[in-house]
Amino acid sequence: MDVVGKAAGFGGDKWDIRNSRGGQAIQAVSKPNPAHLLGAGGIILSVIAKSPVPIEASSLIKSAWTEVPGGPIHYRVGGATAEELPIVLLIHGLVVASTYMVPTAEQLAPFCRVYVPDLPGYGKSYKPDKILGLSELADALAEWMDALGLRKAHLVGNSFGCQIIAEFAVRHSQRVDRLVLQGPTVDPTARTLRSQFFRLLINSPREQHSMGLIMLKDYRAAGLRRIRGTIKLALQDRIEDKLHLITAPTLVVRGENDPAVPQSWAEKVTALLPHGALQIIPNAGHTINYSVPEKFAAVILPFLSVQ
């Protein structure tokens, strides 16, 4: 069955959505890649996939630093600098930082100015003693934008990054052009560590093996206390209670094979948004921005009107 996402606020454009046949059973996974289980909260930190991480050095995306009152923020930046081009911010997920966003940043760079920060506490950025809550992470993002002179931008988040930019869109609505929620968490029907762990177990073989090394590096940089605190933060956040407050046009993007974001939850997220639309990417898992960046960019570029 085909359905059409809501088009309110999108200038009349409609987004065709392929139903992913939510009734289809999910097969059990006999031999998951243990590296990807790091997303379950660092439960398995000692086992990693033996794959290279080829994206630390990118010809299109460069590392940079800027100072904010709390300390130095590391970010990645690329694309043309023409003032008329739109600005797109890519916001990372749970504990992982900017590295795994680079494949999507490379796809977007020819069409816009793209920035990918390591939020405070994660990646190479400064580590505050306190584990920042969602409102503090949203305000830290605004503070970093101020430091760079970025008045307004499109925001694209993956997983827990969707929770951050949803909070940002409520607290700093005037600074948001459009939002992309890719794999928004956490589904209220599975708001426990056990449920999330099981879903990540299923998702594991659907991701690139090299993601494991990236996650290990970022988890080590954050430390066990921050890992635990961030997981608790993600599970406690009720994103569904703030979606109706988001005034910006918002595109929800789900991988057809994403067990962490069931079709029913993706549709509910879209329905709660005043100006929401849903797009399904076939044969994709949870981390679309890393595993299939070309498909992801092809979906979001027209929505952001930057092609």
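**Figure 1. The side chains of D258 and H286 meet in a polar contact of 2.8 Å.** A polar contact here is a pair of N or O atoms within 3.5 Å; within protein, one atom must be able to donate a hydrogen and the other to accept it, and residues adjacent in sequence count only if both atoms are side-chain atoms. Welcome to a predicted model, in which local features need pLDDT of at least 70 and side-chain atom pairs count only at pLDDT 80 or more, while totals for chains, interfaces and linings use all residues. Residues are numbered from 1 along each chain as its sequence is written, and side-chain values use heavy atoms, with hydrogens and water left out. To find D258, look in the loop between strand 9 (250-255) and helix 7 (263-272). Helices (H or I, at least four residues) and strands (E, at least two) are DSSP runs, numbered from the N terminus. A polar atom of the D258 side chain also lies 3.4 Å from the backbone nitrogen of V261.

**Figure 2. The surroundings of D258.** Which residues does D258 touch, not counting residues up to four places away in sequence? They are G183, N203, R206, A284, G285 and H286, where contact means heavy atoms within 4.5 Å. D258 is buried, a word used for under 20% relative accessible area, with exposed meaning over 50% and partly exposed the range in between (1.4 Å probe, protein chains only). D258 has no salt bridge, which would need a side-chain nitrogen of Lys or Arg within 4 Å of a carboxyl oxygen of Asp or Glu. The nearest side chain of opposite charge belongs to R254, 5.5 Å away. In this count Lys and Arg are positive and Asp and Glu negative, while His and the chain ends are not counted.

Figure 3. Is R76 buried or exposed? R76 is buried, because its relative accessibility is 3%.

**Figure 4. R171 and D139 form a salt bridge between two helices.** In this pair the closest N and O atoms are 2.8 Å apart.

**Figure 5. D187 reaches R199 through a salt bridge.** The closest N and O atoms of D187 and R199 are 3.1 Å apart. This pair links distant parts of the chain, 12 residues apart: D187 sits in the loop between strand 8 (176-182) and helix 4 (193-203), and R199 in helix 4. D187 is buried, since its relative accessible area is 4%. R199 also counts as buried, at 14% relative accessibility.

**Figure 6. A network of salt bridges links R191, R238, E240 and D241.** Within this group, D241 and R238 form a salt bridge whose closest N and O atoms are 2.6 Å apart. The side chains of R238 and D241 also make a polar contact (2.6 Å). The loop between helix 6 (224-236) and strand 9 is the place of R238. With 43% relative accessibility, R238 is partly exposed, and so is D241 with 41%. R238 and D187 are 51 residues apart along the chain, and their C-alpha atoms are separated by 9.0 Å.

**Figure 7. Two buried cysteines, C112 and C162.** C112 is buried at 1% relative accessibility, and C162 has a relative accessible area of 0% and is buried too. How many disulfides does the structure hold? The structure holds 0 disulfides, a disulfide being a pair of cysteine sulfur atoms within 2.5 Å.

**Figure 8. The whole chain, with 9 helices and 10 strands.** Of the 307 residues in the chain, 59% are buried. Among contacts with a separation of 6 or more, 77% involve residues 24 or more positions apart. The chain exposes about 12600 Å², and carbon and sulfur atoms supply 53% of that area; accessible areas come from the Shrake-Rupley method with a 1.4 Å probe, and for residues only the protein chains shown count as cover. The whole structure has 10 salt bridges, including the R171 and D139 pair.
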